[in-house]
Amino acid sequence: QVQLVESGGGLVQAGGSLRLSCSVSGRAFRRYAMAWFRQAPGKEREFVAGFSWGGSTTDYANSVRGRFTISRDNAKNTVYLQMNSLTPEDTAVYYCAATYISSCGRIAGCFSTWGQGTQVTVSS
């Protein structure tokens, strides 16, 4: 069973950058659709960015498109989220999610495995 561990969160000023990492422990890394979600205090979990299984396509929430980039290093079994031009509205706990050869799209409930989350706080 795949396990996910996020890291790279922290404090950053508005306009700054962070890179989040999701370390994936398990076989057939390329067979998993991967995504990043985030959840701010008092709000529901929302989709941020994701790969289709096979990694041929990407998808971004409108709020982050052009600022965030999802990428993967298959040799390291790691998914990254490069976050640039951060704003206070990006403050949230960020979660990595995975599901095996499925088409979950932006639906959080579809993903079968989740990491523990990493806090991102952007000061104004």
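Two strands count as paired if DSSP finds at least two bridges between them. Strands themselves are DSSP runs of E at least two residues long, numbered from the N terminus. The views below come from a predicted model, in which local features need pLDDT of at least 70, side-chain atom pairs count only at pLDDT 80 or more, and totals for chains, interfaces and linings use all residues. Residues are numbered from 1 along each chain as its sequence is written, and side-chain values use heavy atoms, with hydrogens and water left out.

**View 1. Strands β7 and β8 side by side.** Here β7 and β8 (residues 78-83) run antiparallel and share 6 bridges.

View 2. Follow the order β1-β3-β8-β7 and you have walked across an open sheet of 4 strands with antiparallel pairing. Which strands stand at the edges? They are β1 (3-7) and β7 (68-73); each has a single partner strand, so one side of each lacks a neighbour in the sheet. On average, neighbouring strands are turned by 20 degrees against each other, direction ignored (the axes are lines fitted to C-alpha atoms).

**View 3. F37 meets W114.** Rings of Phe, Tyr and Trp (its six-membered ring) pair if their centres lie within 6.5 Å; planes under 30 degrees apart are stacked, over 60 edge-to-face, and the rest tilted. That rule gives 6 aromatic pairs. In one of them, the ring centres of F37 and W114 are 5.0 Å apart and the planes meet at 55 degrees, so this pair is tilted.

**View 4. The ring cluster, buried or exposed?** Ring pairs join F37, F47, Y95, F111 and W114 into a cluster. Buried means under 20% relative accessible area, exposed over 50%, and partly exposed in between (1.4 Å probe, protein chains only). F37 is buried at 0%, while W114 is partly exposed at 26%. F111 and W114 make an edge-to-face pair, 6.3 Å centre to centre with 70 degrees between the planes. F111, at 6%, is buried.

**View 5. Charges over rings.** A charge sits over a ring if NZ of Lys or CZ of Arg is within 6 Å of the ring centre and within 35 degrees of the ring normal. R45 lies over the face of W114, 4.8 Å from the ring centre. The charged end of R72 is over the ring of F51, at 5.3 Å from its centre.

How values were computed. Axes are lines fitted to C-alpha atoms, for helices over the stretch in contact, and angles run from 0 to 180 degrees between N-to-C directions.
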